[in-house]
Amino acid sequence: MFAWHVEDHYLYSINYHHCGASKTWYGIPGQAALQFEKVVKEHVYTHDIISTDGEDGAFDVLLGKTTLFPPNILLEHDVPFYKAVQKPGEFVVTFLRAYHAGFSHGFNCGDVNFAIGDWFPLGAIASRRYALLNRMPLLPHEELLCKEAMLLYTSLELEDSEYSSADLDSHQCIKTSFVKLMRFQHRARWSLMKSGLG
């Protein structure tokens with residue numbers, strides 16, 4: 001079984017089923033993640049399980065990847081979810097911030113996380129949530145963003161190629177995320193200088 005969870009830092013995941021028994025998957029669309037967390041907090045967990053107040057309480061426990069409950073609870077509270085049965089030779093892709101759970105019908109293997117440009121805004125949110133919960137980030141989000149921004153700058157400067165609309169959307173996500181990071185860094189340095197600590 002794999003407990004209800006979202007991929008680390010809200011990454012995508014792709015699972016290719018190489019061989020073996022089927023897997024049953026239950027998935028929540030990423031835009032329903034907060035609704036899912038609210039239902040889990042109010043209808044699955046007891047108050048002694050949640051150690052953090054506010055909306056991050058359920059997220060903190062869910063990060064432990066130990067929460068199992070039947071999807072009918074989601075159905076009762078109007079949280080959208082989908083079911084899929086994965087067979088050998090098939091892929092299952094989970095999208096950004098998409099909670100999922102399931103079980104294997106026997107032995108099988110596969111699993112990889114990945115990111116493309118549209119992940120960076122959600123990666124920043126995940127990093128902030130990790131920091132608020134005093135959890136060590138598993139990825140250097142800021143470093144990855146800076147490297148990707150430099151690669152994008154170099155490629156746009158050197159090439160005169162045409163890009164697909166998906167590439168342009170990805171480029172825009174990287175640019176916007178990078179600008180937000182630089183503004184945050186600037187405000188943080190300014191605050192430190194004003195306080196006399198910088």
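This is a predicted model: local features need pLDDT of at least 70, side-chain atom pairs count only at pLDDT 80 or more; totals for chains, interfaces and linings use all residues.

Analyst: Lys 23 has a relative accessibility of 7% and therefore counts as buried, the cut-off being under 20%. Lys 23 is placed in strand 3. Leaving aside residues up to four places away in sequence, the contacts of Lys 23 include Phe 2, Asn 15, Phe 103, Ser 104, His 105, Asn 108 and Gly 110. Ala 84, Val 85 and Gln 86 are also touched by Lys 23, and strand 4 covers residues 82–86.

Strand 3, which spans 23–27, also takes part in an open space: together with strand 4 and strand 5 (91–94), strand 3 is among the elements that give two or more residues to the lining of the second largest pocket. The volume of the second largest pocket is about 230 Å³. Its lining comprises 16 residues, and those closest to the centre are Gly 27, Ile 28, Tyr 82, Val 93 and Thr 94. Sorted by class, this lining holds eleven nonpolar, four polar and one charged residues.

The core has 36 residues, and Ile 28 is one of the members that touch the most others, along with Trp 4, Phe 36, Phe 59, Leu 74 and Tyr 99. Two or more core residues come from each of helix 1 (33–43), helix 2 (56–62), helix 3 (72–76), helix 4 (119–132), helix 5 (141–158) and helix 6 (165–195). Helix 4 provides the largest share, five residues.

With residues up to four places away in sequence left out, Phe 36 is in contact with Trp 4, Ile 28, Leu 62, Phe 69, Leu 74, Val 79 and Tyr 99. Ring pairs join Phe 36 with Trp 4, Phe 69 and Tyr 99 in a cluster. The model has nine aromatic pairs by the ring-centre criterion. Trp 119 and Phe 120 are both buried.

The lining has 19 residues in total, of which Ala 124, Ser 127, Arg 128, His 141 and Glu 142 lie nearest the centre. By class, the lining of the largest pocket consists of eleven nonpolar, three polar and five charged residues.

Two loop residues call for a remark on the backbone. Most residues other than glycine have a negative phi. Asp 78, however, has a positive phi of about 60 degrees. Asp 78 belongs to the loop between helix 3 and strand 4, and its relative accessibility of 63% means that Asp 78 counts as exposed. Asn 134 likewise has a positive phi, near 55 degrees. The position of Asn 134 is in the loop between helix 4 and helix 5, and with a relative accessible area of 73% Asn 134 is exposed, whereas Lys 23 is buried.

Definitions and conventions. Residues are numbered from 1 along each chain as its sequence is written. Side-chain values use heavy atoms; hydrogens and water are left out. A nonpolar core is a set of buried Ala, Val, Leu, Ile, Met, Phe, Trp, Tyr and Cys residues joined through side-chain atoms within 4.5 Å. Buried means under 20% relative accessible area, exposed over 50%, partly exposed in between (1.4 Å probe, protein chains only). Helices (H or I, at least four residues) and strands (E, at least two) are DSSP runs, numbered from the N terminus. Contact means heavy atoms within 4.5 Å. Rings of Phe, Tyr and Trp (its six-membered ring) pair if their centres lie within 6.5 Å; planes under 30 degrees apart count as stacked, over 60 as edge-to-face and the rest as tilted. On a 1 Å grid over the protein atoms alone, a cavity is a set of points where a 1.4 Å probe fits but cannot get out, and a pocket is an open set with protein on both sides within 12 Å along at least five of seven lines; lining residues have an atom within 4 Å of a point. Ala, Val, Leu, Ile, Met, Phe, Trp, Tyr, Cys and Pro count as nonpolar, Asp, Glu, Lys and Arg as charged, and the others, Gly among them, as polar. Grid points are joined across faces, edges and corners, and a volume is the space filled by probe spheres set on the points.
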